[in-house]
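Open the model in your viewer and keep the selection tool at hand. The tour below goes stop by stop.

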Amino acid sequence: MNNYMLRNGSKIPVIGFGTWEITPNDKAKSMVAAALKAGYRHIDTAKIYGNEQGVGKAIRESGIARSDIFVTTKLWDDAQSYQAAMAACDESLNNLGLDYVDLYLIHWPKTTGRHEAWKAFEELQANGKVRSIGVSNYTVKHLQELIDQGGEMPAVDQVEFHPFIYQQQKPLLEFCHEHDIVLEAYSPLSRLSDTNSPEISDIAEKYEKSPQQIVLRWCLEQGTLPLPRSTSSGHLGDNLEIFDFKLAEDDMVILNGISDGKRVTWDPAGMGND
Ligand SMILES: NC(=O)c1ccc[n+]([C@@H]2O[C@H](COP(=O)([O-])OP(=O)(O)OC[C@H]3O[C@@H](n4cnc5c(N)ncnc54)[C@H](OP(=O)(O)O)[C@@H]3O)[C@@H](O)[C@H]2O)c1
């Protein structure tokens, strides 16, 4: 598995397995076990997904060295204060049954609390409970605020990212590249489930790949880290078959041009997260 390098020198596998809505815990355990068997070495969960216990069990029982699996979890909105964030991290580690996570993210930039939570994150990184710290659903404004504060910079910003919102996310992507922040692409495939895109279908046919594989490859070629989710063992294996081809420049231009701005999830700029 190829890696990106995070700003603190840690390696992060360039594709991760998403686990949102994979519940209950026994289902999460079996899907994460299937993902690890298929070759994923990067698992993305969150406290709010309600599946940390199943995810952790699959990791602990996989027979794969802990150091060979990159585990991310996230701090939910109800714990965005210094004390609550410290306690929430312990609770997530306890749920997962792990001594540390590789990456801990602030899930949403809540107006009250995100600054205090970030102070807790810096401490959690210093004391080794989390190896790297980052954010999710942060806009350029929120990232700039962290720069202005002068503390630790986030290693990662995990946001919705796929060709259908490329033009809207381009300034954020450029900002992340400029400041050595890895942009993780969430919900990379969801729009394909209900969108008929002739452009993506034509390109898929040309490369003899599926539309999903084309979009995941496009994410890599944008320098982002896709987090596909699947509950089908066939699909989760197919989603790793993206390292044996490269998209030509003119196909990237076509894919970059299909944005319609419609999101799968919520727009963090429109939620009062000032
Ligand atoms: N930080 C945040 O706020 C946030 C928000 C949303 C998501 N995320 C993270 O990002 C991950 C991915 O996003 P997502 O859960 O929205 O889902 P997604 O990966 O964009 O799409 C999942 C859908 O695509 C289908 N699919 C996957 N591979 C396929 C393939 N090869 N062929 C056909 N269909 C395929 C799945 O169906 P099957 O199950 O049938 O394969 C499922 O319906 C999440 O699980 C989570 O870890 C984070």
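Two residues are in contact, for the packing described here, if their C-beta atoms, placed from the backbone, lie within 7 Å. Keep in mind that this is a predicted model.

**Stop 1: helix α2.** Select residues 52–60, which form helix α2. Is this helix mostly covered or mostly exposed? It is mostly covered, with 7 of its 9 residues buried. To see the buried ones, pick Glu52, Gly54, Val55, Gly56, Lys57, Ala58 and Ile59.

**Stop 2: helices α8 and α9.** Select residues 198–207 for α8 and residues 211–221 for α9. Their axes come within 8 Å and cross at roughly 95°. Angles from 65 to 115 degrees count as roughly perpendicular, so α8 is roughly perpendicular to α9. For the contact itself, show Ile200, Ser201, Ile203, Ala204 and Tyr207 on the α8 side, and Pro211, Ile214 and Val215 on the α9 side. By class, the residues of this contact are 7 nonpolar and 1 polar, with no charged residue.

**Stop 3: the ligand.** Which residues are closest to the ligand? Select Gly18, Trp20, Tyr186, Ser187 and Ser230, the closest of the 27 residues that surround the ligand. Two elements give two or more residues to this shell: α7 (190–194) and α10 (233–238). Colour the shell by class to find 17 polar, 7 nonpolar and 3 charged residues.

Notes
Residues numbered from 1 in each chain as written. Predicted model: local features only at pLDDT ≥ 70, side-chain atom pairs only at ≥ 80, totals over all residues. Near = placed C-beta within 6 Å. Helix = DSSP H or I, 4+ residues; strand = E, 2+ residues; numbered from the N terminus. Nonpolar A, V, L, I, M, F, W, Y, C, P; charged D, E, K, R; others polar. Buried ≥ 20, exposed ≤ 12 C-beta atoms within 10 Å, placed from the backbone. Axes fitted to C-alpha atoms, helices over the stretch in contact; angles between N-to-C directions. Parallel < 35°, antiparallel > 145°, perpendicular 65-115°, else oblique.
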